[in-house]
Amino acid sequence: MARALALAARGLTTAHPNPRVGCVLARDGQVLAEGWHERAGGPHAEAAALANLHSPAAGATAYVTLEPCNHHGRTPPCSEALIQAGVARVVYAIGDPNPQVKGGGAQRLREAGVAVQAGLLEGEASELNAGFIKRMREGLPLVRLKLAMSLDGRIALSDGRSQWISGEAARLDVQQWRARSGAILTGIGTLLADDPQLSVRPPGAQVRQPLRVILDSHLRTPPAARVFEGVTGQSPGVWIFTASTDARRIAALAARGARVEQAGSGGKVDIAQVLTVLGKSGINEVLVEAGATLAGALVEQRRVDELLLYIAPLLLGDAARGLIRLPEPLSLAQAQRFEIFETTAVGADQRMRLRPCSPE
């Protein structure tokens, strides 16, 4: 199963919007074949493994990171393929989180006389597909808020200069998190201040570009902004959520390839509505790269599933701009708390991953 998880991780940046799945076929302690799901529309992990067989699979065990499917989608059911191949046992890490099909694959396998075991390395498999699982269960994407700060919690000098707080290694690391995300989201403040491209830029690599999402209440996005660079009919493009109905501005942005959608009223964009729309559009993971105001709004509304925090070993002082804008709690007991579940050195910086603690 550990090998199947390693195979599944190969689809980290390509399987979207499908889950990342790996499969190993083994018999008598020997691996017969292995496979992984590379991209939507392509063979599922089980089918890929069966296609790689050099000897019959009769009596073999299939180790799969996700319950084999039992429905017809773009590809035939994997449960039927395993049964027809003569597999005697299937071990999977996690059940299919889709409420419409959950348990169907395991049931079909058992009906055909195949032994089924679930739950092996469940935690690791769930972590690999946390965004897909959340979307299937709640209809919402996983929201990962990326922040970079100094040791004293500052993100820029008092005049807004922030290039670069983090080192080159950390900036390259961020590209990997962009590449695995279905969408990169920012606010109009960051767009106007930094003019970011919001694209994946590993040198010399051809990668899937995520959807670029802008929250822009009054449609101040300049049609000449760099976020539109490289947008074609084949790319995910730019999606602007707004509370404005200005037809002239909408037309100007649409001419640059943007999709403009109403999501709010009273001059404000409704974050909850935006995330619901993204979930319905098949987005599993959203990487937020924004300033203190939008970051604070997401945290305050408890929309953040994970903090991706880069800490640079420097001090910027009291006058520098703070990490996040939040109302002060009435007491420490009311403060939002996070738990650290991973700490990694990235060049000279530290990368921390944190999850919000459950409210008591």
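Select strand β17 (residues 338–346) and β18: eight bridges join the two, and they run antiparallel. Helices and strands here are DSSP runs numbered from the N terminus, helices being H or I of at least four residues and strands E of at least two. Two strands count as paired if DSSP finds at least two bridges between them. This is a predicted model, in which local features need pLDDT of at least 70, side-chain atom pairs count only at pLDDT 80 or more, and totals for chains, interfaces and linings use all residues. Residues are numbered from 1 along each chain as its sequence is written, and side-chain values use heavy atoms, with hydrogens and water left out.

**The hairpin and its other neighbour**

Zoom in on Ala 345; Gln 350 in β18 stands opposite. Now go to the turn. Two residues separate β17 and β18 in this hairpin, and Gly 347 in the turn has a positive phi of about 65°.

Pick Tyr 310, and you will find Arg 351 of β18 opposite.

**Back along the chain to α11**

Select helix α11 (residues 292–300). Its buried residues are Ala 292, Leu 294, Ala 295, Gly 296, Leu 298 and Val 299. Buried means under 20% relative accessible area, exposed over 50%, and partly exposed in between (1.4 Å probe, protein chains only). Just after α11, click Arg 302: its phi is positive, about 55°.

**The five-stranded sheet**

Next, show the open sheet of five strands. The order is β2-β1-β3-β4-β5, and the pairing is mixed. At the edges stand β2 (30–36) and β5 (115–118); each has a single partner strand, so one side of each is left without a neighbour in the sheet. From one strand to the next, the twist averages 15°. That angle is taken between N-to-C directions, from 0 to 180 degrees, using axes that are lines fitted to C-alpha atoms (for helices, over the stretch in contact).

Select β3 (residues 61–66) with β4 (residues 89–94). They pair in the parallel sense over five bridges. Tyr 63 has Val 91 of β4 as its bridge partner.

**Cavities and a pocket**

Spaces were found on a 1 Å grid over the protein atoms alone: a cavity is a set of points where a 1.4 Å probe fits but cannot get out, a pocket is an open set with protein on both sides within 12 Å along at least five of seven lines, and lining residues have an atom within 4 Å of a point. Grid points are joined across faces, edges and corners, and a volume is the space filled by probe spheres set on the points.

How many cavities of 30 Å³ or more does the whole structure hold? The search finds two.

- Largest cavity: about 80 Å³. Select its lining, including His 16, Arg 20, Asn 129, Arg 180 and Glu 285. The lining divides into four nonpolar, five polar and three charged residues.
- Second largest cavity: about 40 Å³. Select Val 143, Leu 185, Leu 215, Ile 271, Val 274, Leu 275, Val 288 and Leu 298. The lining has eight nonpolar, no polar and no charged residues. Helix α10 (residues 271–280) gives the largest share, three residues.

For these classes, Ala, Val, Leu, Ile, Met, Phe, Trp, Tyr, Cys and Pro count as nonpolar, Asp, Glu, Lys and Arg as charged, and the others, Gly among them, as polar.

Now move to the second largest pocket, about 560 Å³. Of its 26 lining residues, Asn 18, Pro 19, His 44, His 71 and Phe 132 are the closest to its centre. Helix α6 provides the largest share of the lining, three residues.

**Salt bridges**

A salt bridge here is a side-chain nitrogen of Lys or Arg within 4 Å of a carboxyl oxygen of Asp or Glu. The count comes to 19.

Select Arg 3 and Glu 34. Their closest N and O atoms are 2.6 Å apart. Arg 3 is in helix α1 (residues 2–8) and Glu 34 in strand β2, 31 residues apart.

Select Lys 134 and Asp 305, joined by a salt bridge at 2.7 Å. Lys 134 is in helix α6 and Asp 305 in the loop between α11 and β15, so the pair ties together parts 171 residues apart in sequence. Is Lys 134 buried or exposed? Lys 134 is buried, at 15% relative accessible area, while Asp 305 is partly exposed at 23%.

Finish with Arg 249 and Asp 246, which meet at 3.7 Å, N to O. Elsewhere, salt bridges that share partners join one network, with Arg 20, Glu 127, Glu 285 and Arg 351 among its members.
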